[in-house]
Amino acid sequence: ITKLYLSQGTSVVEVLETLEVPGEMIKDGDKRTITRVGDWVLKTTRINGGIGPLKMTTSRDRYRNGWVASIEMARLGLPVPKTIAYVTSRLLGFIWRSVFIYKYLEGHQHVIEYLSELTKKNDPDEIEIFFSHFSDALKSLADKNVFHRDLKLSNVLTNNGKTFYFI
């Protein structure tokens, strides 16, 4: 049994078909895998055997937080990738997989990668401008009373050092 939370205009069939595609691996971590399928990114929570499904089932709201936070941040006018869907799959009443799907941002990279490239140019003025824009983006979160649970440079994307997308 699968439970779907869909953004407006998203097709159930398209989401279910996308879940069957292996996609291009972006990150293969201990807790989740991140793959790209076409214009979408699938962030899949890895469920290890044993207590994993029980933990996910009893704490399902915690796992859905990224989906809910992304929708709320977009509603507040903050730059986030467009949310597509959140999917949970159950077996014998236990959640054994959750997938958060959002739009892939073509040409964007993690802020830490952007900053690394910027520092290689050795232009202090450009670095200062970058940090000014980045601090403005962080201030916009605080101004809207948004507190990111896992804020780090690898959870912020940019393509120009002026606009930042929080993931």
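Helices here are DSSP runs of H or I with at least four residues, strands are E runs of at least two, and both are numbered from the N terminus.

**View 1. The whole chain, to get your bearings.** What you're looking at is a predicted model. The protein has 5 helices and 9 strands. If you walk along the sequence, those elements come in the pattern β-α-β-β-β-α-α-β-β-β-α-α-β-β. The C-alpha trace spans about 60 × 35 × 35 Å along its principal axes. As for what's tucked away, 36% of the 167 residues count as buried.

**View 2. Strand β4 and its two antiparallel partners.** Let's zoom in on β4, residues 40-45. Of its 6 residues, 5 are buried, so the rest of the structure largely encloses this strand. One partner is β3 (residues 32-37), which runs antiparallel to β4 and is joined to it by 6 bridges. Look for V37 here: its bridge partner in β4 is W40. β4 also pairs with β6, again in the antiparallel sense and over 6 bridges. On that side, T45 stands opposite S98 of β6.

View 3. Now find D39, which makes a salt bridge with K103, with 3.8 Å between the closest N and O atoms. This pair ties together distant parts of the chain, since D39 sits in the loop between β3 and β4 while K103 belongs to strand β6, 64 residues apart. Both ends are partly exposed: D39 has 47% relative accessibility, and K103 has a relative accessible area of 31%.

View 4. Side chains of opposite charge can pair when their charged atoms come close. In one of them, K121 reaches E126, with the closest N and O atoms 3.5 Å apart. K121 is exposed at 55% relative accessible area, whereas E126 is partly exposed at 29%. The other links K139 to D143, where the closest N and O atoms are 3.0 Å apart. Both of these residues lie in helix α5, 4 residues apart, or about one turn of the helix. K139 is partly exposed, with a relative accessible area of 48%, and D143 counts as exposed at 51% relative accessibility.

**View 5. A nonpolar patch on the surface.** Six residues make up this patch: I51, L54, L91, L92, F94 and W96, with about 680 Å² of accessible area together. L54 comes from helix α2 (residues 52-58) and is partly exposed, at 41% relative accessibility. L92 is found in the loop between β5 (83-91) and β6 (94-103). Its backbone is worth a look, too: L92 has a positive phi of about 55 degrees although it isn't a glycine. At 78% relative accessibility, L92 counts as exposed.

View 6. To locate R62, go to helix α3 (residues 60-75). R62 is partly exposed, with a relative accessible area of 43%.

**View 7. The open sheet of β7, β8 and β9.** This open sheet has 3 strands in the order β7-β8-β9, and their pairing is antiparallel. β7 (109-110) and β9 (165-166) stand at the edges with a single partner strand each, so one side of each has no neighbour in the sheet. Between β7 and β8 (residues 156-158) there are 2 bridges. Q109 stands opposite T158 in β8.

View 8. N122 lies in the loop between α4 (111-120) and α5 (124-143). Its phi is near 55 degrees, a positive value in a residue other than glycine, and at 64% relative accessibility N122 counts as exposed. Is P81 buried or exposed? P81 is buried, at 4% relative accessibility. You'll find P81 in the loop between α3 and β5. The C-alpha atoms of P81 and I101 are separated by 9.8 Å, with the two residues 20 apart along the chain.

Conventions
Residues are numbered from 1 along each chain as its sequence is written. This is a predicted model: local features need pLDDT of at least 70, side-chain atom pairs count only at pLDDT 80 or more; totals for chains, interfaces and linings use all residues. Side-chain values use heavy atoms; hydrogens and water are left out. Two strands pair if DSSP finds at least two bridges between them. Buried means under 20% relative accessible area, exposed over 50%, partly exposed in between (1.4 Å probe, protein chains only). Patches are made of residues with over 30% relative accessible area and no salt bridge: like charges are joined within 9 Å, nonpolar side chains (Val, Leu, Ile, Met, Phe, Trp, Tyr) within 5 Å. Accessible areas come from the Shrake-Rupley method with a 1.4 Å probe; for residues, only the protein chains shown count as cover. A salt bridge is a side-chain nitrogen of Lys or Arg within 4 Å of a carboxyl oxygen of Asp or Glu.
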